[in-house]
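Below is a walk through a predicted model.

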Amino acid sequence: MYEIKRLTLHDAAVVKSIVKLFRSSDTDDKWVQDFLINQQNYVIACLSGASPVGFLLAYELQRYDRNGMLYIHEVNVLPQYQREGIGKRLMEEAIRICKEKGLFKSFLITNKSNTAACGLYETTGAIATEDDNIVYWYEENILSGDR
């Protein structure tokens, strides 16, 4: 049985484990603490015992004209746990949080070629409203002035 839960400051070690498992890198304790202290940041984890097997990373965005919305940045499940409904449960928890907080919208970005992700999002009620969206990124060299 899996547990789906939003991680808090008390779960900093789990977040560090997620970074290690899914990024193959380490992260600084202060970055994790600062992230988890901010109530507009979300890490929703799927745990098998104490071990993370999947997670959803999201940010609550404030608006000037109405209540906020949730940007879902990433949904990831370890390969050996995929196709077990974990991604769906993570998405359902994010949707539940949106309803609970009165957020008016949630959105995410994925590639058309990621058919598994598209299927997950459509299964949980998401609608692809545009066919011509394009995403621009400002990479670190631009933002640091090393251009």
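**Sheet, helix and core**

Leu56 stands opposite Val75 in β4. The two strands involved, β3 (residues 51-61) and β4 (residues 69-77), pair in the antiparallel sense over 8 bridges. They belong to an open sheet of 5 strands with mixed pairing, in the order β1-β2-β3-β4-β5. Since β1 (3-6) and β5 (105-108) stand at the edges and each has a single partner strand, one side of each is left without a neighbour in the sheet. From one strand to the next, the twist averages 25°.

Helix α3 (residues 86-101) lies across β1, β2 (41-48), β3, β4 and β5, and runs at about 165° to β4. α3 has 16 residues and reaches 23 Å from its first C-alpha to its last, close to the 22 Å expected at 1.5 Å a residue. Its buried residues are Ile86, Gly87, Leu90, Met91, Glu93, Ala94, Ile97 and Cys98. These cover an arc of only 155° around the axis, so they sit on the same side of α3. That buried set packs against β1, β2, β3, β4, β5 and α4. The face turned away from the buried side carries the exposed residues Lys99 and Glu100. Just after α3, Gly102 takes a positive phi of about 75°.

The largest nonpolar core has 37 residues, and Leu56, Val75 and Leu90 are among those with the most contacts inside it. Two or more residues each come from α1 (12-23), α2 (29-37), β2, β3, β4, α3 and α4 (115-123). Leaving aside neighbours within four places in sequence, Leu56 is in contact with residues including Val43, Ile72, Val75, Leu90, Met91 and Ala94.

Key
Residues numbered from 1 in each chain as written. Predicted model: local features only at pLDDT ≥ 70, side-chain atom pairs only at ≥ 80, totals over all residues. Heavy atoms only, no water. Pairing = 2+ DSSP bridges. Helix = DSSP H or I, 4+ residues; strand = E, 2+ residues; numbered from the N terminus. Axes fitted to C-alpha atoms, helices over the stretch in contact; angles between N-to-C directions. Contact = heavy atoms within 4.5 Å. Core = buried A, V, L, I, M, F, W, Y, C linked by side-chain atoms within 4.5 Å. Buried < 20%, exposed > 50% of the residue type's maximum accessible area, 1.4 Å probe, protein only. Expected span 1.5 Å × (residues − 1). Arc of directions from axis to C-beta.
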